[in-house]
Amino acid sequence: MKDMKEKTQLLGMTPEELGAFFKELGQPAFRAKQVFAWLHQGVPFEKMSNLPKALRERLTGECIDNPVRVLEQIESRLDGTMKLLYGLPDGHVIEGVLMRYKYGNTLCLSTQVGCRMGCAFCASTLDGCARSLTPAEMLGQIVCANGVLAGQGEGQKVGNIVLMGSGEPFDNYDNVVKFLRILRMEGGLCIGMRSVSLSTCGLVPNMCRFAEENLPVTLSLSLHAPNDEIRRQTMPVAKVYSIDDVLSACRYYIEKTGRRVIFEYALVHGVNASPEHAQELAHRLRGMQCHVNLIPLNSVPERGLQGVSEREVDAFKKALEQRNISVTRRREMGDDIEGACGQLRRRYIKDMKEEA
Ligand code: SAH
């Protein structure tokens, strides 16, 4: 048997790539379609019942079906939200959140092991970025989550995807684009772009490039400030791209896709949360086809940043509404299970170090 490193990774291949692989093995072309379907259903090679036994054995010995496995699952007693901790073949761990709404299941995916963007409020970036995830590792998180749901007797699979876990999707551009193209394919997970949200801290060149990919996902932009001065206090990326540039890239995305952009705005006490800040924000967003999502800050003890009171959230929201900006306050889910990005992974790594 080959070890993990030498094995061929089949999830994450397009049907064409699988076709070439099976041709090399001297197999008929239709194997690609069969195996593509099984891989996305989370079926291990030995159970791919329409393949000859010898082929199943060969694939088991030489290939990987899913590089991701669930290490831990923690369910919130408040709302059924589930935090998932996954292991990767090289020993890295990543995390995700499975949210259960009345209308279906939404999975929050990681796109990198950690993150190198350095936002002051975010736990994912505290240790930097170890590496980017492959398309297989992104698809694999969904296949795992579907397995968890099936294990609980839940009939419904993951229907919506948010790329809002650890990592900056546009810092892993090619893999994310390939992942999205495979995600929507018939015979695979078949999740359409309207069911996907992608959140970025605003890497302008790749935002513009993405607008031309014909992958009309909902674009979320982590704005978190009404002006460059404040944005630079918490987001190092703001030293590279100005808010004006970021908003121009958003307008371009709206123009190309016809979709509105969502602005994420985490309210941080004493930093960006006053009614004057709301007014400044409204002014900047005037006339744009957009929506503002106010996020009460999940406090990250390592960073010493504080969230705001309900009253402050309401006042900020009202100030935007009065200026005709569409705005909602993000529902907090899984508050009892370290729902914020990067927190569970950090605890797990810390525990492992303490045990060692
Ligand atoms: N790198 C991407 C996606 C990952 S984070 C991005 O920057 O958009 C998903 C969202 O959670 C982002 O809007 C991010 O700014 C926000 N976020 C990170 N830490 C947070 C915290 N402690 N409290 C509230 N929101 C946070």
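The cavity count here comes to 1, taking those of 30 Å³ or more. A cavity is a set of points on a 1 Å grid over the protein atoms alone where a 1.4 Å probe fits but cannot get out. This is a predicted model, so to speak: local features need pLDDT of at least 70, side-chain atom pairs count only at pLDDT 80 or more, and totals for chains, interfaces and linings use all residues. Residues are numbered from 1 along each chain as its sequence is written, and side-chain values use heavy atoms, with hydrogens and water left out.

**The cavity**

- The largest cavity has a volume of about 40 Å³, a volume being the space filled by probe spheres set on the points, which are joined across faces, edges and corners.
- Its lining (residues with an atom within 4 Å of a point) includes Phe-121, His-224, Ile-230 and Thr-234, and Ala-266, Val-268, Val-271 and Asn-272 belong to it too.
- That lining splits into 5 nonpolar, 3 polar and no charged residues, with Ala, Val, Leu, Ile, Met, Phe, Trp, Tyr, Cys and Pro as nonpolar, Asp, Glu, Lys and Arg as charged, and the others, Gly among them, as polar.

**Around the ligand**

**Polar contacts** (N or O pairs within 3.5 Å)

- A ligand oxygen sits 2.6 Å from a side-chain N or O atom of His-224.
- A ligand nitrogen is 2.8 Å from a polar backbone atom of Asn-298.
- The protein buries 95% of the 540 Å² that the ligand exposes when taken alone (Shrake-Rupley, 1.4 Å probe).

Definitions and conventions. On a 1 Å grid over the protein atoms alone, a cavity is a set of points where a 1.4 Å probe fits but cannot get out, and a pocket is an open set with protein on both sides within 12 Å along at least five of seven lines; lining residues have an atom within 4 Å of a point. A polar contact is a pair of N or O atoms within 3.5 Å; within protein, one must be able to donate a hydrogen and the other to accept it, and residues adjacent in sequence count only if both atoms are side-chain atoms.
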